Amino acid sequence: MKNENKAGGIHRLTFSAVMLALATALALVCAFIPFLHLPYGGGFTLASMLPIVIVSYVYGVKWGLFTSLTYAAIQIVMDLMAGKSSVIIAFFLPDSDQTIIAAIAIIIIDYIIAYGVLGIGGVFRKGASKTKGLVLGSVIATAARYIAHIISGYIFYGAYAEWFFTESFDPDMGAKILGTFDGELLALIYSVIYNGLYMIPEIVITAVCAAIISRLPQIKAKDLPL
């Protein structure tokens with residue numbers, strides 16, 4: 001029994017490491033594909049978050065959260081090395097007198113929470129078919145990330161709302177939004193739309209890929225001790 005548990009633990013670590021590497025590789029490759037990037041900032045990937053969701057589905061939410069938090073740390077390092085991290089951007093937030101505090105808060109919300117929630121992707125691993133469980137789990141996990149970015153955008157980037165709807169959005173619709181909303185509500189609408197432009201395609205792509213991947217016999221829930 002002890003040898004079986006040890007072998008299972010090694011397999012889990014190996015599988016998780018491979019999925020982390022795959023998720024990182026997908027994110028890196030997609031960073032060099034022009035049409036995946038939006039002209040006003042942000043961009044989506046080709047299901048780079050799905051490998052983390054799969055880990056959670058296979059080994060459970062607890063292990064999934066551990067894996068997703070590891071992935072969050074990788075994303076922080078990658079973005080810092082690329083010089084495009086929100087950690088850096090935070091120091092140039094308009095009308096901010098506490099940029100260090102803002103930077104720390106953005107790290108927590110846009111990275112630790114936003115990528116950490118991918119670990120809940122295995123929440124439907126029991127009580128549903130494999131396809132349904134993996135698809136629903138991927139939708140819940142990526143939607144949770146979307147919500148995290150909405151919160152961050154509303155709190156820290158709302159000052160860009162007027163610019164966004166004036167310069168980087170459909171002129172007619174942008175004018176209507178600016179003429180109807182202002183203040184906190186405008187900041188919230190901006191964050192929902194801005195983050196939705198890349199997160200909604202990401203959610204759809206991830207769900208479709210999850211449905212396809214679920215047909216592989218290697219993807220199945222395992223009950224292994226932590």
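Author: Gladly, and let us begin with A47, which counts as buried because its relative accessibility is 5%, and buried means under 20% relative accessible area, exposed over 50% and partly exposed in between (1.4 Å probe, protein chains only). The model is predicted, so local features need pLDDT of at least 70 and side-chain atom pairs count only at pLDDT 80 or more, while totals for chains, interfaces and linings use all residues. Residues are numbered from 1 along each chain as its sequence is written, and side-chain values use heavy atoms, with hydrogens and water left out.

Reader: Where is A47 found, and what is its phi near?

Author: A47 is in the loop between helix 1 and helix 2. Its phi is near 60°, a positive value in a residue other than glycine. Most residues other than glycine have a negative phi.

Reader: How many helices and strands does the protein have?

Author: There are 9 helices and 0 strands. Helices (H or I, at least four residues) and strands (E, at least two) are DSSP runs, numbered from the N terminus. Of the 226 residues in the protein, 45% are buried.

Reader: What makes the pair of F15 and Y59 edge-to-face?

Author: Rings of Phe, Tyr and Trp (its six-membered ring) pair if their centres lie within 6.5 Å; planes under 30 degrees apart count as stacked, over 60 as edge-to-face and the rest as tilted. The structure holds 10 aromatic pairs. For F15 and Y59 the centres are 5.8 Å apart and the planes are at 70°, so this pair is edge-to-face. F15 lies in helix 1 (residues 2-30) and Y59 in helix 2 (residues 50-59), so the pair ties together parts that are 44 residues apart in sequence. Both F15 and Y59 are buried.

Reader: Why is the pair of F164 and F165 called edge-to-face?

Author: Their ring centres are 5.3 Å apart with planes at 70°, so the pair is edge-to-face. Both F164 and F165 are buried, and together with Y190, Y194 and Y198 they form one aromatic cluster.

Reader: How do you know that the charged end of R12 sits over the ring of W63?

Author: A charge sits over a ring if NZ of Lys or CZ of Arg is within 6 Å of the ring centre and within 35 degrees of the ring normal. The charged end of R12 is 4.4 Å from the centre of the W63 ring and sits over it.

Reader: Which residues form the nonpolar patch on the surface?

Author: I147, I151, Y154, I155, L185, L188 and V192 form it, with about 570 Å² of accessible area together. Helix 6 (130-156) and helix 9 (183-213) are the elements that give two or more residues to the patch, and the largest share, 4 residues, comes from helix 6. Patch residues have over 30% relative accessible area and no salt bridge, with nonpolar side chains (Val, Leu, Ile, Met, Phe, Trp, Tyr) joined within 5 Å and like charges within 9 Å. A salt bridge is a side-chain nitrogen of Lys or Arg within 4 Å of a carboxyl oxygen of Asp or Glu. Accessible areas come from the Shrake-Rupley method with a 1.4 Å probe, and for residues only the protein chains shown count as cover.

Reader: Why does L185 count as partly exposed?

Author: L185, which lies in helix 9, has 43% relative accessibility and therefore counts as partly exposed.
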